[in-house]
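Please load the model in your viewer and keep the selection panel at hand. The tour below goes from one selection to the next and says what is there.

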Amino acid sequence: MLDILVQEENERESGETGPCMEYLLHHKILETLYTLGKADCPPGMKQQVLVFYTKLLGRIRQPLLPHINVHRPVQKLIRLCGEVLATPTENEEIQFLCIVCAKLKQDPYLVNFFLENKLKSLASKGVPNVISQDTLKGQDSLSTDTGQSYQPEELSGAAGVEQTESEDEPPPQMDELSTSLDNLSVSSLPEASVVRPNQDYNLVNSLLNLTRSPDGRIAVKACEGLMLLVSLPEPAAAKCLTQSTCLCELLTDRLASLYKALPQSVDPLDIETVEAINWGLDSYSHKEDASAFPGKRALISFLSWFDYCDQLIKEAQKTAAVALAKAVHERFFIGVMEPQLMQTSEMGILTSTALLHRIVRQVTSDVLLQEMVFFILGEQREPETLAEISRHPLRHRLIEHCDHISDEISIMTLRMFEHLLQKPNEHILYNLVLRNLEERNYTEYKPLCAEDKDVVENGLIAGAVDLEEDPLFTDISPENTLSNQEWLSSSPPATPDHPKNDGKTEVHKIVNSFLCLVPDEAKSSYHVEGTGYDTYLRDAHRQFRDYCAICLRWEWPGSPKALEKCNLEAAFFEGHFLKVLFDRMGRILDQPYDVNLQVTSVLSRLSLFPHPHIHEYLLDPYVNLASGCRSLFSVIVRVVGDLMLRIQRIQDFTPKLLLVRKRLLGLEPEGPIIDHITLLEGVIVLEEFCKELAAIAFVKYHASSTP
């Protein structure tokens, strides 16, 4: 019968219906076949009916689904799919559902034929129907997640070739997703027994049932089908998907159960280095894995399902994506992850922070990223005050963990924030830093008089606060300060090209200020080849270009807000995040090497952002700081003052410093423990950090001055 219909279509002009097709449509042949298939009489009839429907939809070019005598029996047959798992017809069921999804992808308006009246659907099935429109949307993105492009014929397997897939051994990559979907009973999901109003979405229902198939291939196909359906642009389908189905519950409950199945403690290095996860292709064999560790299968299952949720939301229609992401936020982030991140057990904190770090790195959907950012940082955008520092408890706790008594927790949390700052979301930087710099009330505004524009006094910019007079430096007596002012180069005179009040001090002066901060007796890089300041320029240029690309659509101003328009009377607070970073930076001579590397890495990331206030606050040594305020430069100046006092008490300081540097570079074998090793390593990090800041300032200046 199918061959006759195909031949008839080939012999006629496009769009013309032949007598055989008219007979099939008018005499309700498909209804008859559905009745036989439902009864499975004779045995095996259901399988044959499914194959016929699949091939009919796949091989006939003219649109059939708009016909009531086609979409009505198709709708009924959809309800039969996924009723019982692991049936002999499961492969044919998923192929049939996938060809329907592919047809809907071609003509999204057809989805309206599959949004059934809820009460009618319940009456026909005799059971509560719990999965509806949500699944329809998910199927639309089927092709994107596996990286392959499925044509409708390929998707359904109905390209005129008999399906042999069911006879093959399931490929190993299907095992993990299948494992992650086992034991997920749709009927046991929350709200599953609640009768939802309005329409029903049986295509989604059947696919959700099949995601629990013990056959990994079937489960992956069902997930692909859901992804296709969520991307359909029809608003009615999107609404039904999120309001009348259990797709949100499927995603979030599965995330929660897989997260809870993880061991209480997993090595953070294992979490970070486990291979990249692609939800449909995560082949894992414990026997073949040379780097197996306890909990690896559970970890891969969780990351695989999170990747699926991320891709599903990324491909979903806009309103459906928002609803799905909010469900993940409320039911998984807040309900499951937050208690783990807020606990007091150090091992628990470390593991949960490492998992948060991993999913921050992994997320690609803008909508899900937005919800993740709100979860971590909150939605506040007004300037912080010291009194309300803990307004968003999780944000407060995570920032406090950057200065935790456990170095491991500090490093992991700092790394999480470092990766968060690299995400393309404007709220991250604004919430952590920018909202506190908006009014530039860290500066002391002194209008320049005529003579100030031409005169530089005592090596400092006119009107600047002398370090000895700054309240931050009251503990440094005049005799203990550096007598040689080469490390703090003089302020440049104003030029027509670069007036002082434009917020951009001449770049060579800024570069020299950072390069000369560390005194010569505390420098060791010039003794080792290939460790000059220029080595940082290439990396700074590449990173700054990447950050500019991210920030371009945020429409940041090109110059600082005019001081006349700023509220300079408001009390300045750098914000909790910068406060902790500056406090850590101030202790660089007394902290472990790995902690120092991570603190300076986060600060250098911040300084790369092309916002004029960030540049001024973090990279301009000549900014007129208001009384009691500190900047990154002033923090480093204070560290250098402390360093100069401590150098005098260490014998053979320079040879020891050079030996430590060579050991860190692997140029010298490890030998006897050197005294003051923490201090010496801190000095090396400080020197390298100053060179990195100088390179960033140089690159940013030339990028802004180049048309």
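Begin by colouring by pLDDT, which is the predictor's confidence in each residue, on a scale from 0 to 100. This is a predicted model, in which local features need pLDDT of at least 70 and side-chain atom pairs count only at pLDDT 80 or more, while totals for chains, interfaces and linings use all residues. Residues are numbered from 1 along each chain as its sequence is written, and side-chain values use heavy atoms, with hydrogens and water left out.

Across the protein the mean pLDDT is 81, with 77% of the residues reaching 70 or more. Helices here are DSSP runs of H or I with at least four residues, and strands are runs of E with at least two, both numbered from the N terminus. Select helix H20 (residues 366-377), where confidence is highest, at a mean of 98, and then helix H9 (residues 142-145), where it is lowest, at 35. Next select residues 119-198, over which pLDDT stays under 50 and for which the model has 280 contacts (heavy atoms within 4.5 Å) beyond four places in sequence. A further selection, residues 450-503, also has pLDDT below 50, and this stretch has 79 contacts in the model beyond near neighbours in sequence.

Now go to helix H1 (residues 2-11), and show the side chains of Leu2, Leu5, Val6, Glu8 and Glu9, which are its buried residues. Buried means under 20% relative accessible area, exposed means over 50%, and partly exposed lies in between, with a 1.4 Å probe and protein chains only. Looking down the axis of H1, you will find that these buried residues fall within an arc of 160°, so they line one face of the helix; the arc is that of the directions from the helix axis to the C-beta atoms. They pack against helix H2 (19-26) and helix H4 (45-59), whereas the face of H1 turned away from the buried side carries the exposed residues Asp3 and Glu11.

From H4, step back to the loop between helix H3 (29-39) and H4, where Pro42 is found.

Two loop residues complete the tour. Glu555, in the loop between helix H25 (535-551) and helix H26 (576-586), has a positive phi of about 55° although it is not a glycine, and at 71% relative accessibility it counts as exposed. Asp652, in the loop between helix H29 (632-647) and helix H30 (653-664), is likewise not a glycine and has a positive phi, near 50°; its relative accessibility of 54% means that Asp652 counts as exposed.
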